[in-house]
Amino acid sequence: MIFLNAKRGTHGVEAWVGPDSPIPNVRGIRSDVVAALKQLQVPNVRWPGGCYADNYHWREGIGPARRERVNVNWGGSIEPNTFGTHEFMDFVEQIGSEAYLTLNVGSGTVQEASDWLEYMTTDKPTALGQERRANGHAAPWRIKYLGIGNESWGCGGGMSADAYVERMKSFATLAQNVHPEQFGNPMKINPNDSQRIAVGQGLGETAYTSALMKAWQSRKFPQFWQMNGISLHHYSWIGRMPMADSSTDFGANEYARLIKRAYLMDAMIVEHDAIMNQYDPEKKVAIVVDEWGAWLKPEPGRNPLFLRQQNTLRDAIMASITLNTFARHAERVRMSNIAQMINVIQAMILTDGPKMVLTPTYHVYKMYLPFHDAQVIPLKIDAGVYREGEVDIPRIDAISAKAKDGSIWVALTNLDPAAAQRIALDVKGMPVASATGQQLTAPKVNSFNTFDSPDTVHPQNVQIKGQGQTITLTVPPKSVTVLRLTQ
């Protein structure tokens with residue numbers, strides 16, 4: 001499953017312009033962004049994402065009088081909280097998605113989280129339920145996913161692994177979804193309840209995973225607190241720190257080094273999966289990679305802590321190999337969220353006033369729609385090796401899967417920025433009559449879309465005839481190709 005993440009910025013989600021904006025909108029949410037995201041069939045949106053989640057107090061964002069506060073995680077700007085619970089749920093519903101709420105574990109209380117969930121999910125005439133109705137939403141909301149904090153080892157509270165586990169258990173036990181379709185017998189495990197995602201760490205940092213899995217395995221009363229997944233984060237940059245490397249001005253070496261960093265995603269998953277297997281060999285607890293992306297130098301002329309950067313064909317290639325990595329580990333990795341949706345880090349969409357442009361990463365996500373909830377199947381291919389200086393990476397990265405409708409799909413990424421590759425596909429011995437799909441490439445690996453030139457990096461349709469048991473095609477350099485195979 002492929003998911004998106006809504007980071008909070010100065011005005012919450014960057015789809016928000018307010019109901020009085022001249023930009024076309026529905027209840028303050030811009031219509032062009034909604035239309036673009038609906039095409040991605042977004043399964044869920046995580047909010048409030050990032051470090052602000054553990055400074056967010058939901059009561060400041062409901063009702064007619066909103067409370068302003070300084071957002072220390074967003075360049076010290078003022079957060080007016082005009083985009084709050086009702087606006088977020090409206091946004092989720094407009095794009096046809098599900099909510100993935102992050103509870104404030106760092107500066108909030110269990111009672112605050114419990115009240116928030118009752119406010120959102122009760123159908124009973126309690127004080128909180130009546131308050132929600134008075135604020136304009138009569139029916140309770142379904143909440144499919146709950147994040148129990150965000151990066152609690154760092155900006156979310158600086159907690160040790162053991163301290164977080166004890167705090168997480170309280171939130172997971174006492175902050176209850178009481179929606180009539182999701183709330184059941186509290187003495188039994190309820191499969192319809194919100195899925196609870198605990199905080200993990202990243203590559204080379206496994207203390208949280210070990211402590212969480214040990215606690216999960218040793219539960220005496222598993223019906224009282226659930227942990228359905230562990231969150232892991234992984235960002236890619238070239239040097240020692242993020243925000244130092246240009247998103248558009250780079251050469252062959254910088255290209256290869258960033259792609260190499262993206263491949264560390266596989267190492268992170270393998271590392272944490274090995275620990276989880278000691279306690280959960282049946283893989284009941286999922287890995288949820290709910291922040292990832294290329295974290296590069298912000299665009300000049302803006303507050304650098306707004307983290308806005310351009311998005312090139314290199315980012316599209318990174319997205320494709322990352323999604324392929326998730327697919328190869330689908331038994332354990334059952335959710336993933338790219339870090340941001342609009343205007344921040346490796347975003348899907350960039351906006352500037354009334355202008356909007358789709359990024360190369362957006363196009364990869366749309367091309368990969370057939371892989372939503374698909375079943376990976378074996379694919380024989382000679383990946384080869386691309387070498388640039390001291391960096392070795394695969395020349396071809398590929399996956400194949402059976403979609404929900406039974407069709408067979410193949411995704412092929414040529415990482416070589418200069419040379420085309422001729423590839424013979426053998427998908428489980430299946431005879432192939434033809435292949436149709438789309439291909440994404442551009443004149444340069446650092447090509448990107450602008451408001452004036454929105455189609456510099458844009459997918460083109462392709463069609464290829466099969467040859468007996470295999471299909472042979474030539475993929476251009478620096479390209480992503482997604483094909484449906486026909487027998």
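Reader: In which strand does T102 lie, and is T102 buried or exposed?
Author: In this predicted model, where local features need pLDDT of at least 70, side-chain atom pairs count only at pLDDT 80 or more, and totals for chains, interfaces and linings use all residues, T102 lies in strand β7, residues 98–103. Residues are numbered from 1 along each chain as its sequence is written, and side-chain values use heavy atoms, with hydrogens and water left out. Strands (E, at least two residues) and helices (H or I, at least four) are DSSP runs, numbered from the N terminus.

Reader: Which strands stand at the edges of the open sheet of six strands?
Author: The order is β15-β18-β19-β24-β21-β22 with antiparallel pairing, where two strands pair if DSSP finds at least two bridges between them. Each edge strand has a single partner, so one side of each is left without a neighbour in the sheet; these strands are β15 (375–377) and β22 (460–465).

Reader: What is the bridge partner of Q438 in β22?
Author: Strand β21, residues 434–440, pairs with β22 in the antiparallel sense over six bridges. In β22, the bridge partner of Q438 is N461.

Reader: Which strands does helix α10 touch?
Author: Helix α10 (residues 360–367) packs on the sheet, contact meaning heavy atoms within 4.5 Å. Its direction makes about 160° with that of β21, with axes fitted to C-alpha atoms, for helices over the stretch in contact, and angles running from 0 to 180 degrees between N-to-C directions. The strands touched by α10 are β21 and β24.
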